[in-house]
Amino acid sequence: MRDRGKLYFRYGTMGSAKTALLLTNAYNFEEKGIPYLCYKPATDTREDRSVIRSRIGIERECRWIYPESDIYQELATMQESGGMLPEWILVDEAQFLSAGQIDQFARIVDDFGCNIICYGLRTDFKTNLFEGSRRLFEIADSIDEIKSTCSCGGKTIVNARIDSKGDIITEGEQVEIGGNDRYMAVCRRCWTNKRIERMSRNVLPFD
């Protein structure tokens, strides 16, 4: 029987190299002959095929997770058919998963002894927790922040959504897929100041 596994959550803002770290781990597992699988929510539509790609250009094939996917049952079927279960499972963009799917990963850890590392954002552009991230904060065995730096030198906290002029947007749906043209990671102070600056430009003078 395998040793007991762990469920890890490694979170950071956009541009903090989360995906690059995931791909580095995958490369190391492959080099050492350690069985692993990569997963990614189909919600992330930036790719037209099932790959995890970092901003620095490296990529690796993965399995899609759809809203109706039951990952626990997928691995249970794999075990029943005599297949080798992975020692490690690496999950990109875990914030887009449902709370139920995070619970499935926890069951995989507890029942099959797999280690699972979920990488993702903590909060959306309004600074509200994503569903998948919230559940990971509630039940993960280990939680680590991947830190990055704002242009002012502070620590990035907010995944700010921006318009074509670079102004911060505070209204809209929680999920809107995009890259540097739609988001920028900033510290809380810069996020606040940029919102105040935009509001002041939109205030009309009295007649």
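Charges are counted with Lys and Arg as positive and Asp and Glu as negative, leaving out His and the chain ends, and each is placed at NZ of Lys, CZ of Arg, CG of Asp or CD of Glu. The structure is a predicted model, in which local features need pLDDT of at least 70, side-chain atom pairs count only at pLDDT 80 or more, and totals for chains, interfaces and linings use all residues. Residues are numbered from 1 along each chain as its sequence is written, and side-chain values use heavy atoms, without hydrogens and water.

**View 1. The protein as a whole.** The protein has five helices and eleven strands (DSSP runs numbered from the N terminus: H or I of at least four residues for helices, E of at least two for strands). Its C-alpha trace spans about 80 × 30 × 30 Å along the principal axes. The mean positions of the 29 positive and 32 negative charges lie 7 Å apart. Of the 207 residues, 47% count as buried (under 20% relative accessible area, with exposed over 50% and partly exposed in between; 1.4 Å probe, protein chains only). Of the contacts between residues at least 6 apart in sequence, 71% join residues at least 24 apart (contact: heavy atoms within 4.5 Å).

**View 2. Helix H1 and its cover.** H1 comprises residues 18–32 and reaches 22 Å from its first C-alpha to its last, close to the 21 Å expected at 1.5 Å a residue (the expected span is 1.5 Å times one less than the number of residues). Its buried residues are Lys-18, Thr-19, Ala-20, Leu-22, Leu-23, Asn-25, Ala-26 and Phe-29. Strands E1 (7–11), E2 (36–41) and E7 (115–120) are among the elements that cover them. Just after H1, Gly-33 has a positive phi of about 70°.

**View 3. The nonpolar cores.** The largest nonpolar core has 27 residues (a core is a set of buried Ala, Val, Leu, Ile, Met, Phe, Trp, Tyr and Cys residues joined through side-chain atoms within 4.5 Å). At least two residues of this core come from each of E1, E2, helix H2 (71–80), E6, helix H3 (99–112) and E7. H3 gives the most, six residues. Another core, of 14 residues, lies apart from it and includes Leu-22, Ala-26, Tyr-36 and Tyr-119. In soluble globular proteins, nonpolar side chains tend to be buried together.

**View 4. Surroundings of Cys-118.** Cys-118 is one of the residues with the most contacts inside the largest core. Not counting residues up to four places away in sequence, Cys-118 touches Leu-7, Tyr-8, Phe-9, Arg-10, Val-91, Ala-94, Phe-105 and Leu-136.

**View 5. Helix H3 and Gln-101.** H3 has 14 residues and reaches 20 Å between its end C-alphas, close to the expected 20 Å. Gln-101 lies in this helix and counts as buried because its relative accessibility is 4%. Beyond four places away in sequence, Gln-101 touches Ile-65, Tyr-66, Pro-67, Ser-69 and Ile-71. Strand E5 (63–65) and helix H4 (131–139) are among the elements covering the buried residues of H3. Gly-113 follows H3 with a positive phi, near 75°.

**View 6. Val-186 in strand E11.** Val-186 is found in E11, residues 183–186. Val-186 counts as buried because its relative accessibility is 3%. Leaving out residues up to four places away in sequence, Val-186 touches Cys-150, Thr-156, Ile-157, Val-158, Ala-160, Trp-191 and Lys-194. Val-186 and Leu-90 are 96 residues apart in sequence and 26 Å apart in space, C-alpha to C-alpha.
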